[in-house]
Amino acid sequence: MGWLFYTDGRVQTYADEKTEITRLCTFEGDTRKTELVKACKVGSTWYAAARVTNLDGTPVEDATYVTDADGSITFGAVFLTRYDDGCWGYKDIEESAGPNESRAPLGLIELLSNLKDPDSYAQDWRQRCRDWASIPDYQEGDKIRLAAPVTLTDGSTCQIVTATHYRRGRQKRRCYRIEETGGLVRLSKASLAGSELLSSAKGAASPVLAEYLAGRE
């Protein structure tokens with residue numbers, strides 16, 4: 001399915017978007033109904049978990065999903081969104097199509113029904129979401145070894161960096177100090193995948209605290 005844009009201006013805010021995602025995930029046919037269980041927005045992408053149940057109360061039979069204990073199945077969906085000339089638009093992709101966007105929170109992934117095919121596109125998408133969620137959120141002063149050297153715009157590379165920040169106006173922005181040169185660099189979250197924490201500022205003993213404790217021994 002391609003992009004669908006609304007020209008009536010009904011979607012303008014985050015709340016409007018969530019209301020529309022809820023509506024898109026809620027419908028009822030002759031034998032089944034679907035309802036939104038959870039929706040999360042990451043960047044401009046909405047991730048949704050939707051539950052399908054039979055109206056007569058019998059278990060849902062599906063070729064892709066293992067039926068849950070309550071007789072329902074819950075699947076994942078991705079909604080790409082953007083504004084074009086003030087008009088909100090979306091493109092929806094069901095998880096079995098293997099969406100490229102794979103940053104759904106673990107709390108949403110855990111709501112989804114088990115899959116019958118361990119090698120399916122949906123299984124691969126869920127694993128990519130888990131891999132993204134597992135990337136550490138480093139703290140100020142953490143010393144890190146990247147999984148592979150990162151090439152900078154000047155052609156040089158860096159692999160060992162320390163989490164720090166710089167200020168732009170009133171905003172505090174995360175950056176990393178390069179071990180070899182002391183220069184600062186911005187790194188995407190994706191570049192931190194597989195990285196290793198070498199030392200933690202939070203866990204390191206303060207010299208002042210160490211002196212105080214030594215005096216008590």
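User: Before we start, what numbering and confidence rules apply here?
Analyst: Residues are numbered from 1 along each chain as its sequence is written, and side-chain values use heavy atoms, leaving out hydrogens and water. As this is a predicted model, totals for chains, interfaces and linings use all residues, local features need pLDDT of at least 70, and side-chain atom pairs count only at pLDDT 80 or more.

User: What is the strand order in the open sheet of six strands?
Analyst: Helices (H or I, at least four residues) and strands (E, at least two) are DSSP runs, numbered from the N terminus. Two strands pair if DSSP finds at least two bridges between them. In this open sheet the pairing is antiparallel, and the order is 1-6-5-4-3-2.

User: Which strands stand at the edges of that sheet, and why is one side of each left without a neighbour?
Analyst: Strand 1 pairs with strand 6 in the antiparallel sense over two bridges, and strand 2 pairs with strand 3 that way over two bridges. Each edge strand has a single partner, so one side of it has no neighbour in the sheet; the two are strand 1 (4–5) and strand 2 (27–28).

User: How many bridges join strand 3 to strand 4?
Analyst: Strand 3 spans residues 32–42, and Lys33 stands opposite Thr53 in strand 4. The two strands form a hairpin with two residues between them, where Gly43 takes a positive phi near 65°. Strand 3 and strand 4 run antiparallel, and the number of bridges joining them is 10.

User: Is strand 4 mostly covered or mostly uncovered, and how many of its residues are buried?
Analyst: Buried means under 20% relative accessible area, exposed over 50%, and partly exposed in between (1.4 Å probe, protein chains only). On its other pairing, strand 4 runs antiparallel to strand 5 with eight bridges, and Ala49 has Gly76 in strand 5 as its bridge partner. Strand 4 is mostly covered, and the buried count is nine of its 10 residues.

User: Which residue in the turn between strand 5 and strand 6 has a positive phi?
Analyst: Eight bridges join these antiparallel strands, with Val78 opposite Ile93 in strand 6. They form a hairpin with two residues between them, and the turn residue with a positive phi, about 55°, is Asp85.

User: What angle does helix 1 make with strand 3?
Analyst: Helix 1 (residues 14–24) packs on the six-stranded sheet, touching strand 2, strand 3, strand 4 (45–54), strand 5 (73–84) and strand 6 (87–94). Contact means heavy atoms within 4.5 Å. Axes are lines fitted to C-alpha atoms, for helices over the stretch in contact, and angles run from 0 to 180 degrees between N-to-C directions. On that basis, the angle with strand 3 is about 150°.

User: Which residues of helix 1 are buried, and why do they count as being on the same side?
Analyst: The buried residues of helix 1 pack against strand 3, strand 4, strand 5 and strand 6. Glu17, Glu20 and Ile21 are the buried ones. They sit on the same side of helix 1 because they cover an arc (of the directions from the helix axis to the C-beta atoms) of only 100°.

User: Moving to the open sheet of five strands, which strands stand at its edges?
Analyst: The order here is 10-9-8-7-11, with antiparallel pairing. Each edge strand has a single partner, so one side of each is left without a neighbour in the sheet; these are strand 10 and strand 11.

User: Which side chain makes a polar contact with that of His165?
Analyst: His165 is in strand 8 and stands opposite Arg174 in strand 9; at 26% relative accessibility, it counts as partly exposed. A polar contact is a pair of N or O atoms within 3.5 Å; within protein, one must be able to donate a hydrogen and the other to accept it, and residues adjacent in sequence count only if both atoms are side-chain atoms. At 3.2 Å, the side-chain partner of His165 is Glu140.

User: Is Ser195 buried or exposed, and which side chain does its own side chain join in a polar contact?
Analyst: Ser195 is in the loop between strand 10 (184–185) and strand 11 (196–199). It counts as buried because its relative accessibility is 14%. Its contacts beyond four places in sequence include Pro136 and Leu146, and the polar contact, at 2.6 Å, is with the side chain of Tyr138.
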